[in-house]
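The sequence and structure are shown below.

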Amino acid sequence: MKLTVRETTVFGMLGALMYASKVIMEIAPNVHLLGVFTIAITVVYRKKALFPVYIYVMLNGLLSGFATWWIPYLYLWAVLWGVTMLIPKNIPKAVKPIVYMIVNACHGFLFGTLYDPAQALLFGLSFDGMIAWIIAGLPWDFIHGVSNFFVGC
C-alpha cells in the first residue's frame with residue numbers, strides 16, 4: 001500500500017489532531033474524540049486509516065511515556081478500526097450515524113474489558129484475577145461508553 005506525499009502529510013496531521021484532541025479533552029474524564037476520529041478516518045480512508053491511528057498511538061507513547069498502560073493501545077484502536085471496516089458501505093444514509101455512534105459506544109463500553117487481558121498478562125494475574133479486574137472496571141466502562149455515544153452525535 002503505497003502512500004502519496006499528500007496522504008503522508010494528511011495522515012500525519014490527522015494523527016497529531018487525534019493526540020491534540022485527547023490532550024485538550026483531558027479536562028473531562030472519559031470524554032474524548034478518539035473513537036469519532038478513528039471511525040471517521042476509517043470511513044474515508046479504509047485500510048489506510050491505520051496510518052493516522054498508529055501515528056496517534058506512537059505520539060501518545062512518545063509524549064506520555066511508553067509504559068505498561070500504553071501496550072494495549074497497540075491493539076485497542078485497531079479493534080475499533082476493524083469493526084468499522086466490517087460495517088457495509090451501502091447501509092442507508094439515515095442509519096449510518098446511529099450505527100457509527102453505537103459502534104463507538106460499544107468500543108467505549110468494552111474499552112476496559114479489551115484493555116484488561118494485556119494488563120493481566122503483564123502483571124501476571126490469573127484468569128480469576130483478570131475477571132475481577134474486568135468487573136471492577138465496569139462502572140468506568142459504562143461512563144466511557146455513554147460519553148462515546150454522545151460525543152459521536
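The model is predicted, so local features need pLDDT of at least 70 and side-chain atom pairs count only at pLDDT 80 or more, while totals for chains, interfaces and linings use all residues. Residues are numbered from 1 along each chain as its sequence is written, and side-chain values use heavy atoms, with hydrogens and water left out.

**Helix packing**

Two packed helices are described by the angle between their axes and the distance between the axes. Axes are lines fitted to C-alpha atoms, for helices over the stretch in contact, and angles run from 0 to 180 degrees between N-to-C directions. Helices are DSSP runs (H or I, at least four residues), numbered from the N terminus.

| Helix pair | Angle between axes | Distance between axes |
|---|---|---|
| H4 (residues 73–86) and H5 (residues 96–123) | about 150 degrees | 10 Å |
| H2 (residues 34–45) and H5 | about 130 degrees | 10 Å |

H4 and H5 are therefore roughly antiparallel to each other, whereas H2 is oblique to H5. Angles under 35 degrees count as roughly parallel, over 145 as roughly antiparallel, 65 to 115 as roughly perpendicular and the rest as oblique. The crossing of H4 and H5 is right-handed, and H2 also passes H5 in a right-handed crossing. A crossing is right-handed if the near helix is turned clockwise from the far one by less than a right angle, and left-handed if anticlockwise.

Contact means heavy atoms within 4.5 Å. On the H4 side, the contact with H5 is made by Tyr73, Tyr75, Leu76, Trp77, Val79, Leu80, Val83 and Thr84. H5 contributes Tyr100, Val103, Asn104, His107, Phe111, Leu114, Tyr115, Pro117 and Ala118. These residues comprise 14 nonpolar, three polar and no charged. Ala, Val, Leu, Ile, Met, Phe, Trp, Tyr, Cys and Pro count as nonpolar, Asp, Glu, Lys and Arg as charged, and the others, Gly among them, as polar.

In the other contact, Gly35, Val36, Ile39 and Val43 of H2 meet Tyr100, Val103 and Asn104 of H5. Here the division is five nonpolar, two polar and no charged.

**Aromatic pairs**

The whole structure holds ten aromatic pairs. Rings of Phe, Tyr and Trp (its six-membered ring) pair if their centres lie within 6.5 Å; planes under 30 degrees apart count as stacked, over 60 as edge-to-face and the rest as tilted.

One of the pairs joins phenylalanine 66 and tryptophan 70, edge-to-face at 4.7 Å centre to centre, with 90 degrees between the planes. Phenylalanine 66 is partly exposed, with a relative accessible area of 47%, and tryptophan 70 is buried at 9%. Buried means under 20% relative accessible area, exposed over 50%, and partly exposed in between (1.4 Å probe, protein chains only).

Tyrosine 73 and phenylalanine 111 are also paired edge-to-face, 6.2 Å centre to centre and with 90 degrees between the planes. Tyrosine 73 lies in H4 and phenylalanine 111 in H5, so the pair ties together parts that are 38 residues apart in sequence. Both residues of this pair, tyrosine 73 and phenylalanine 111, are buried. Tyr56, Trp69, Tyr73, Trp77, Phe111 and Tyr115 form one aromatic cluster.

Threonine 38 belongs to helix H2 and is buried, with a relative accessible area of 0%. Not counting residues up to four places away in sequence, threonine 38 touches Met18, Val53, Trp77, Leu80 and Trp81.

Glycine 145 is found in helix H6 (residues 127–151) and is buried, with a relative accessible area of 0%. Leaving aside neighbours within four places in sequence, glycine 145 is in contact with Ala105, Gly108 and Phe109. Glycine 145 and histidine 107 are 6.9 Å apart in space, C-alpha to C-alpha, and 38 residues apart in sequence.

Terms used:
Helix = DSSP H or I, 4+ residues; strand = E, 2+ residues; numbered from the N terminus.
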